[in-house]
Amino acid sequence: MSTRTPLIYSPKVLEIFRNPKNLGAMQDASVVSQAGSPACGDVIRIYLKIEDGKILDASFESYGCAANIAAASILTEMVKGKTLKEAWMISWEEVAEELGGLPAIKYHCSILAVGGLKRAIRKYIDETRRERPDWLPVDLSKEERQALEEEELIEKMYKKHGRAP
Ligand code: FES
């Protein structure tokens with residue numbers, strides 16, 4: 001018998017995990033981004049359809065856990081109809097709150113989802129505009145930074161041990 005204690009997820013996380021919205025690749029996306037490392041299996045891809053600075057549609061693919069799927073699903077719902085600036089302002093804490101909370105060990109699942117979104121917005125602006133809008137910082141947001149740190153750590157562990165931590 002397993003001695004592991006099951007994680008306590010909110011009813012909303014469980015409900016969304018069982019019935020995720022906006023799951024799947026988007027063929028006509030304006031931009032696609034990825035966060036996480038395929039090496040350990042926690043990877044998220046965000047697809048955005050953008051027109052006139054507004055997010056018309058959003059979808060995701062996740063190779064993460066239940067919390068990551070729920071975070072990505074609710075995040076793609078939250079950004080639809082928002083301007084790029086409004087979507088940029090969404091933090092991983094807001095996503096976790098929308099989900100009715102996450103176990104502390106699962107915070108990174110929400111961070112990966114929001115990191116993927118912010119990468120997509122930054123990439124879209126880099127590719128389509130000449131000037132950076134004043135709301136987009138030159139420095140990485142905390143979510144982008146943390147996603148990057150995780151990817152680098154996993155890569156290092158892989159090189160050292162031939163596997164993820
Ligand atoms: Fe890594 Fe959830 S995405 S544990």
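Author: Asp-52 sits in the loop between S2 and S3, and its phi is positive, near 50°, though the residue is not a glycine. Keep in mind that this is a predicted model. Most residues other than glycine have a negative phi. Asn-22, also not a glycine, has a positive phi of about 65°. You'll find Asn-22 in the loop between H1 and S1, where Asn-22 is partly exposed, with 19 other C-beta atoms within 10 Å.

Now for the helix pair. H2 (residues 66-79) packs on H5 (residues 107-128) with the axes 8 Å apart and an angle of about 40°, so the two are oblique to each other. Their crossing is right-handed. On the H2 side, the residues that meet H5 are Ala-67, Asn-68, Ala-71, Ala-72, Leu-75 and Val-79; H5 answers with Cys-109, Ser-110, Leu-112, Ala-113, Val-114 and Leu-117. Sorted by class, that contact has 10 nonpolar residues, two polar ones and no charged ones.

Zoom in on Ala-71: beyond its neighbours within four places in sequence, it touches Val-95, Leu-99, Cys-109, Ser-110 and Ala-113.

What about the core? The largest nonpolar core has 40 residues, and Ala-71, Leu-75, Ala-113 and Leu-117 are among those with the most contacts inside it. Elements giving two or more residues to this core include H2, H4 (92-98) and H5, and H5 supplies the largest share, nine residues.

Note on methods
Residues numbered from 1 in each chain as written. Predicted model: local features only at pLDDT ≥ 70, side-chain atom pairs only at ≥ 80, totals over all residues. Axes fitted to C-alpha atoms, helices over the stretch in contact; angles between N-to-C directions. Helix = DSSP H or I, 4+ residues; strand = E, 2+ residues; numbered from the N terminus. Parallel < 35°, antiparallel > 145°, perpendicular 65-115°, else oblique. Left-handed = near helix turned anticlockwise from the far one by under 90°. Contact = placed C-beta atoms within 7 Å. Nonpolar A, V, L, I, M, F, W, Y, C, P; charged D, E, K, R; others polar. Core = buried A, V, L, I, M, F, W, Y, C linked by C-beta atoms within 7 Å. Buried ≥ 20, exposed ≤ 12 C-beta atoms within 10 Å, placed from the backbone.
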